[in-house]
Amino acid sequence: AVLGFAFQDSLKDVFMGMIILLDNYFKVGDAVCYENKDGIVVHFNLRTTKIQLIDDNSILSVSNRNISQIAKLSNMNDVDVPLSYDEDVKKIYETLTEVCERIKKIDTVEDSVFKGTQGFDDSAIRYRVRFFCKPINRPDTKRAVMREIQKGLDEAGIKIPSGKDLKLILVDPKQVELILYQDLYYLLLL
């Protein structure tokens, strides 16, 4: 019985391996995301697939029967930059467009473009910077891109909101009530 189950698993591996080949799911050298782990396919046969993880270079060996969903990674990466509603929008657009030109000079970056306004949050407007690099270079390149964004904003005098803008007001404790609303504490002066 045990031998039968082992043989059945081997058949499932080979069957899925053939589907991967026929449907061109991926090939050796492709950057993929499997179970929220990004990596490069370094080995493939009809029974197993080996993926070298981008974060720590470890090798993940997967029986093909277990691959029900896998995604090929693209070279596109986005960084959303939250900036205060009080900042000058024209200055932000000029600065982030200029920053994208500097990002293009990073060795591992293929291209970069400022996409504009991405969304409106309670305390900030989110602006999107897009850059392209090989997935294997993504972690280090993203840090370099974020350094350029931070440096450009700092040079332009544009502040990134901390979300911790807290004003301390000294009042008589008998005249204060603390209220918890949507995970935030509010002071109510009586």
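Visitor: What makes the link between the side chains of arginine 130 and aspartate 78 a polar contact?

Guide: A polar contact is a pair of N or O atoms within 3.5 Å; within protein, one must be able to donate a hydrogen and the other to accept it, and residues adjacent in sequence count only if both atoms are side-chain atoms. The two side chains are joined at 2.7 Å, so the term applies. Bear in mind that this is a predicted model, where local features need pLDDT of at least 70 and side-chain atom pairs count only at pLDDT 80 or more, while totals for chains, interfaces and linings use all residues. Residues are numbered from 1 along each chain as its sequence is written, and side-chain values use heavy atoms, with hydrogens and water left out.

Visitor: Why is arginine 130 called buried?

Guide: Buried means under 20% relative accessible area, exposed over 50%, partly exposed in between (1.4 Å probe, protein chains only). Arginine 130 has 15%, so it is buried. Its contacts (heavy atoms within 4.5 Å) include Met76, Asp78 and Lys115, not counting residues up to four places away in sequence.

Visitor: How do you know that strands S2 and S3 pair?

Guide: Strands are DSSP runs of E, at least two residues, numbered from the N terminus, and two of them pair if DSSP finds at least two bridges between them. S2 (residues 37-44) and S3 (residues 48-53) have five bridges in the antiparallel sense, so they pair. Valine 41, for instance, is bridged to isoleucine 51 in S3.

Visitor: Which residue of S4 is the bridge partner of isoleucine 51?

Guide: That is leucine 60.

Key:
Helices (H or I, at least four residues) and strands (E, at least two) are DSSP runs, numbered from the N terminus.
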